[in-house]
Amino acid sequence: MRLPRNLHLRRLAAAFALVLMLPLAGCFSSPGEGESPAASGHAVNLIYYTIGDPDKDLKQVNDKINEVLAKKIGVTVTYIKVGWQEYEDRLNTLVSAGTPFDIAFAPEYSTYAQRGAWLKLNDYLPTAGKEMYDAIDPVFWEGVRMDDGGIYGVPTNKELAVRDQWMYPEALVKKYGIDISKYTTLASLEPLLRMIKEKEPAYQPMELDKDSQNFFALDGYQYVAEKTLPLMIRVLDPKASVVNIFETPEARKVLDLLRLYYVAGYINEDAAMRENQGLQRGTPVFWKAAGGGPLSENSWSKDRGYKLVAYPVTPALITTESTRGGVMVVSADTKHPVEAVKFLNLLNTDPEVRNLFNFGIEGVHYTLDGKGQVVPIPPKDENGHPIPDAQPNYAGVQYTQGNWFILKTMGGEYPDPLDKWDQFRAANKEAVESSTLGFTPDLSRMPIQVQNIQMVWEKYFPSLMTGSVDVDAVLPKFNQELRQAGIDEVRTEVQRQLDAWRAAHQ
């Protein structure tokens, strides 16, 4: 799934800081500051970093994981979770400063791979990683393969196409007899938003945040790199050119509509300043967008605390971004490459290990119902009573830790269908590959331009894409400063690389 927090804003800055700092990184020779490997006898210990709020019971789960891993492959892990807003900066520091680690979740996979930060896995996949290589859909391996033919990470085996979906409270949909399949354009929403504002004042008609939404995907556009570099291409057109999206008529139409909705009071007033916080439990919101696969409304309903229904508004399109949505990597400087690959192999093929990472310990963090589905055990107060809306004592971040298809399904409120993973496999077979699947622009020779463009983007994007400012006054300034920052030179370079890539892949 698409990242549920605002991880994008710092990616390029962190990555290009890495360009300047990588030469300082040598071979690892000492443990990370304050993070020494766990004592585990003769078992090889791997230091593993991933994203997510550190859990109250993380050590307890880590101990159980090590008990299982030591028996199965003679390996243990030091399991370190870093908060959503801090993870990318921490990962950049680890790599650039030469701090020892073995495995990490890599939200910015390609740029670090181009700098030599990740271990090339090609020689390990036929041996230590054979089972996971066979288990993961070949399209994912195609998506993570770099232009040199190297595979530098293990993709999460999940939905191939992450579709933009618009979600609504089921209660309001039923109350007003709304056919949500009829609302697939931004303009079509206007009568619904107006009705909700008039008749349901307790509800926010439309919820946006500073990360906004890729409304341009409704016109077939996808980013060629990060959204902080506003270069896009119509990926279903094999001959389409790279454009600055904010110079297109499609973008102007989107911005004008968002401004109309903001002025009308449909969009939350703080949208341009609000961090992406996912779905806040119990908050009454009529319309919200997210990226997801089949049955995503089940997990969204659990997060929101009331039943949601959703409808996909973009095609089932397999893009480079969707295949790289949950990559785990091995550090190029690991002292234990074989053991690291064995661990990733087990995580992607052994249901006991995979479910332990995702759900925690059975009987402590969850029980199984009569259908074998997971029912979480809520945190309890000192009197043994469940604490309403409390954060769980342990929760894995599903898209960051390997193969979904060996996970148990969820029971409890808003249960998954028992054939959930069969539905995912069927959806994957129907998904269509983007014309640029596997293309990764290399902008390492243009770090100043890219950083300057990002600074301009951060100045204007949140307010424009939430309707918070006058488009006539602000959009020309945005495009002028993008040109001054060097977006035309970067666009020309990306187009040159894309032309070469197309010629090589015909």
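Student: How many salt bridges does the structure hold?
Tutor: This is a predicted model, and the structure holds 25 salt bridges.

Student: Where do Arg115 and Asp442 sit in the chain?
Tutor: Arg115 is in the loop between α4 (109-114) and α5 (130-135), while Asp442 is in the loop between β15 (432-433) and α15 (447-464). They are 327 residues apart, and the pair links distant parts of the chain. Their side chains meet in a salt bridge, at 3.5 Å from N to O.

Student: OK, which residue does Glu159 form a salt bridge with?
Tutor: Lys158, with the closest N and O atoms 3.1 Å apart. Glu159 has a relative accessible area of 2%, so it is buried. Lys158 is buried as well, at 1%.

Student: And Lys420 and Asp416, buried or exposed?
Tutor: Both are buried. The side chains of Lys420 and Asp416 meet in a salt bridge of 3.3 Å, N to O.

Student: Which residues are linked in a network of salt bridges?
Tutor: Glu207, Asp270, Arg274, Lys288 and Arg304 are linked that way.

Student: New topic. What is the phi of Leu295?
Tutor: About 65 degrees, a positive value, although Leu295 is not a glycine. Most residues other than glycine have a negative phi. Leu295 lies in the loop between β9 (285-292) and α10 (296-304).

Student: Is Tyr414 buried or exposed?
Tutor: Tyr414 is buried, because its relative accessible area is 17% and buried means under 20%.

Conventions
Residues are numbered from 1 along each chain as its sequence is written. This is a predicted model: local features need pLDDT of at least 70, side-chain atom pairs count only at pLDDT 80 or more; totals for chains, interfaces and linings use all residues. Side-chain values use heavy atoms; hydrogens and water are left out. Helices (H or I, at least four residues) and strands (E, at least two) are DSSP runs, numbered from the N terminus. Buried means under 20% relative accessible area, exposed over 50%, partly exposed in between (1.4 Å probe, protein chains only). A salt bridge is a side-chain nitrogen of Lys or Arg within 4 Å of a carboxyl oxygen of Asp or Glu.
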